[in-house]
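Please have a look at the sequence and the model first.

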Amino acid sequence: MSVNIESQGGSKAKDILLWCLTFILLAAAVLGNYLFSEQPAYVRFAGVIVALVIAGVIAFQTATGKGVLAFARESRMEVRKVVWPTRQEAIQTTLIIFAVTAVVGLFLFLLDGLLIWLVGLITGVQG
């Protein structure tokens, strides 16, 4: 049991160190982009991308990063299970939504006009 606690403590310290390194790399990417502003944009862009990739690789070595990767894999498997509508079903659903939106919009327009007329009738102010 004590070995498990020690390994968790060591792992937590390792994660903190890796996160610090990740944030240092991200800050270095921003600072480098600023300091090397006289360089062509594609060179600075490449440098930032390299720093982001390295920071991402380091971040994915932490427990949180591994959890994010596992979540992404599970999400991808769930998306594969989805039964997507056919093109015809998507078009029909879209047309139904447009029609319902138009009917509700017309109803609200008429209701607004009616309420304005009633308020004008009650207050004696015709707008």
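## Ground rules

The model is predicted, so local features are described only at pLDDT of at least 70 and side-chain atom pairs only at pLDDT 80 or more, whereas totals for chains, interfaces and linings use all residues. Residues are numbered from 1 along each chain as its sequence is written, and side-chain values rest on heavy atoms, with hydrogens and water left out.

## Overall build

The protein chain holds four helices and zero strands; helices are DSSP runs of H or I with at least four residues, strands are runs of E with at least two, and both are numbered from the N terminus. In sequence order the pattern reads α-α-α-α. With a radius of gyration of 29 Å, well over the 14 Å that the globule rule gives for 127 residues, the protein chain is more spread out than a compact globule. That radius is taken over C-alpha atoms, and the rule is 2.2 Å times the number of residues to the power 0.38. Along the principal axes, the C-alpha atoms fill a box of roughly 80 × 50 × 40 Å.

## Surface and contacts

Of the 127 residues, 9% count as buried. Here buried means under 20% relative accessible area, exposed means over 50%, and partly exposed lies in between, using a 1.4 Å probe and protein chains only. The protein chain exposes about 10600 Å², and carbon and sulfur atoms supply 75% of that area. Areas come from the Shrake-Rupley method with a 1.4 Å probe, and for residues only the protein chains shown count as cover.

Contact means heavy atoms within 4.5 Å. Among contacts with a separation of 6 or more, 65% are between residues 24 or more positions apart.

## Charges and the salt bridge

There are 9 positive and 7 negative side chains, and the centres of the two sets lie 9 Å apart. Lys and Arg count as positive, Asp and Glu as negative, while His and the chain ends are not counted. Each charge is placed at NZ of Lys, CZ of Arg, CG of Asp or CD of Glu.

How many salt bridges does a search of the whole structure find? The search finds one, where a salt bridge is a side-chain nitrogen of Lys or Arg within 4 Å of a carboxyl oxygen of Asp or Glu. Lys81 and Glu78 form a salt bridge at 3.2 Å, N to O. Both sit in helix H3 (residues 63-81), three residues apart, so about one helical turn separates them. Lys81 is exposed at 58% relative accessible area, while Glu78 is partly exposed at 46%.

## Asp15 and its contacts

Asp15 belongs to helix H1 (residues 2-35). Asp15 is buried yet has no salt bridge, and its nearest side chain of opposite charge, Lys14, is 5.9 Å away. Beyond its neighbours within four places in sequence, Asp15 is in contact with Gln61, Thr62 and Ala63.

Ala63 lies in helix H3 and is partly exposed, with a relative accessible area of 49%. Although Ala63 and Asp15 are 48 residues apart along the chain, their C-alpha atoms are separated by 6.9 Å.
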